[in-house]
Amino acid sequence: MASKLILKRIQFSLLPRHIKQLSTVSTEPQFLGIQSKFTNELKFTNDQSYEPIPIYRILQPPGQTKDENHLLDNETLRKMYFNMVTIGIMDKILYESQRQGRISFYMTNSGEEAVQTGSAAALTLRDVVYAQYREAGVLLYRGFKISEFINQCYGNYLDKGKGKQMPVHYGSKELNFVTISSPLTTQLPQAVGAAYALKRSKGEACVICYFGDGAASEGDAHAALNFAATLDCPIIFFCRNNGYAISTPTSEQYKGDGIAAKGPAYGINTLRVDGNDVLAVHRATQYAREFCINESKPVLIEAMTYRIGHHSTSDDSTAYRSVDEIAKWNEFAPTIKFRHYLENLGIWNEAEEANLIKSKREETLSVFTEAEKKPKPSWKELFTDVYHEMPSHIKEQMESLESHLKEYGQHYPLGSFKEMK
Amino acid sequence: MILSKLCARLRITATPFIPPCLELEKNVTRNMHFTYVPDKELQTNVETKRLNMYQAINDALRLAMEKDSTAVIFGEDVAFGGVFRCTMELQKKFGADRVFNTPLCEQGIAGFGIGLANQGATAIAEIQFADYIFPAFDQLVNEAAKVRYRSGGTFDCGKLTVRAPSGAVGHGALYHSQSPEAYFAHTPGLKVVVPRGPRQAKGLLLSCIEEPDPCIVFEPKVLYRSAVENVPLNFYKTPIGKAEILREGKDVTLIGWGTQVHVLQEVADMAQEKLGVSCEVIDLVSILPWDISTVCQSVRKTGRVIISHEAPMTCGFGSEIAASIQERCFLHLEAPVGRVTGWDTPFPHVFEPFYIPNKWRCFSSVKKIVNF
């Protein structure tokens, strides 16, 4: 951009002239902005120059986990497991209901329950969450009720979002979970700004910001990582690398060592974890959180996982990946892995499993039936919350629709909407 | 020339679109396409000071920062005072955690500001030129504008204000001259204002900073130094959404905003002098929401109207005003609604004198419309 180039030129001309010479005659480089050394060897730096970042894990193949350091109590472990199972049950029912045309859209979480639950369990409610859309388990762990999920998907009058967004675009002020929006990655620089505000208010809290491997390709990801590092923001960037962005495999998304390798390039402390290992995710997030808050600096976590379900209800993933591949990952599903661990500890058994599934299924179905019966908000809500106060031009448009409905109301689904004075 | 001014000149003159310093102001003004008309003197006891527009903006920012400890100012090169000097001395006064440079990335600046505002902090972001606001378009249009609506009012980013220098400057060419207000006027959820001088710039900026909705202020950069007037030193606000009638008239209504308001005031003089035509000049001030009632009231009185802006004609904000006027004032119109705007081309370098809707083009339009 011209103005910026001009400005650079001015700054350069103001620099002492000797700096350029220094950089060629001294033994140590004097260039601004890097700390490095000279070399006589002409050689590319590339992915062969260093080892890929290893994947941290705790849960070994069934029965072999030796986790002396992991100090989670039985109650927390069980709560985590409940969460993982519940999200799966809710997914199943809502997915089917979309298939029957009862809700317009849905996105499941299968395969990523450990990513969501493990990270959520390591946070407090003071920590602010910015999510993409496949993080329902985080919200559930923080206390969002099944009825709240379903009311949002139906857009009935109990939905806090007043039926304005597509299903699965959840949000909760009380649970510090910022409302989801469809544009990918926009939440990343926003989360950095929120983290900066947290740092200034000196609350003992951080921001966690979830995004997928595909979203990491957006310009906003670059913006966010760079801003977080240069402005020292207490934020955990949490990437769910599940192998696909809709139909696009990661091989067509990036050529480097995944998303994690980008972290150090921005000066960000980075971890890569087994996203199907709920304990590893938990520990990594806990470690990151402490670091963020104590040091007021960002952390990047890349959780390796696999998207077992379709991208969404508008997608049939067998069009671009094999049924065998999906089946293989299903075998190592994070919920199954964690269940083995709990059974080995002796804090879970077959009977409890059956009871949990039965009760959560019944609860979800009854909530679902209730939500379906509830009317949608008044049509007037279409016009509210555009601004803090409704400006006169919007008021006029609302009145215009009102008088239109007086005459043509029979052509509109007014019966399924609430009355408002 | 005193030393400090010389230094300032050395640092700044390489940026060719800034009039070098106040001493040269008159020479520069002669080459400009408008003559700045200061606001009427205030009849109050409030203490005032002669300030140019960047100084008035600087004063507003200082007052906002003093009043609200959550307020932060950020953008490219704001720490040393800004390439247009609007943030001079603020980092020294308020500290590096409240006035700071960001990496060079507009989408990051806008997104970062939304996040701050989500947390209830007052975020005052600067985009170095309005021409470079487009990388932030997604953040502003899809995000900032819709946070409140999509969350049913549970979240908002009302405390976000984005400032961006805009408009023609004599030689800014394609990317230092644009007036992108119409792009944003099509975005429910945003508020967009354009000041015409120092006093209004200060009041509008303070309003935007305190407004519970995200606001964009497009500051006509040609006025930063060339517009000088007495500015009250206290904290005051100029209402958003209200147009101002700068001079009353009965034959033709002239509507503009920003720098163009000064062109139109001169046109009103010319029309009076050469044609004996009395023009009513309206500064729209606020593009979104805009003051339809003040405009229509004036048009019902005069029966003739010309809208003028620097931005291109097709889908410029003039189109919205023209359509609304014909809808609401049909029986009062004595002539078609006129639009005098930039041409439907990119903003050119050496052809700028032929591109801008200057006083001669506006005057010619007035002549046509009264003879219709």
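Predicted model: local features only at pLDDT ≥ 70, side-chain atom pairs only at ≥ 80, totals over all residues.
Looked up the salt bridge first: B:Arg328 pairs with A:Glu396, closest N and O atoms 2.7 Å apart. I use the term for a side-chain nitrogen of Lys or Arg within 4 Å of a carboxyl oxygen of Asp or Glu. Between chain B and chain A the count is 2 salt bridges.

Residues are numbered from 1 along each chain as its sequence is written, chains are lettered from A and ligands numbered from 1 in the order written, and side-chain values use heavy atoms, with hydrogens and water left out.

Next I checked the interface. I find 60 residues of chain B in contact (heavy atoms within 4.5 Å) with 52 residues of chain A. The buried area is about 4400 Å², 62% of it from carbon and sulfur atoms; that is accessible area (1.4 Å probe) lost on putting the two parts together, summed over both. B:Tyr149, B:Arg150 and B:Phe155 supply 17% of what chain B buries against chain A, more than any other three residues.

Then the sheet in chain B. I read an open sheet of 7 strands, order E3-E2-E4-E5-E7-E6-E12, with mixed pairing. Strands (E, at least two residues) and helices (H or I, at least four) are DSSP runs, numbered from the N terminus, and two strands pair if DSSP finds at least two bridges between them. The edges are E3 and E12 (286–288) of chain B. E6 (191–193) and E7 (215–220) of chain B run parallel, joined by 3 bridges; B:Lys191 has B:Cys215 as its bridge partner.
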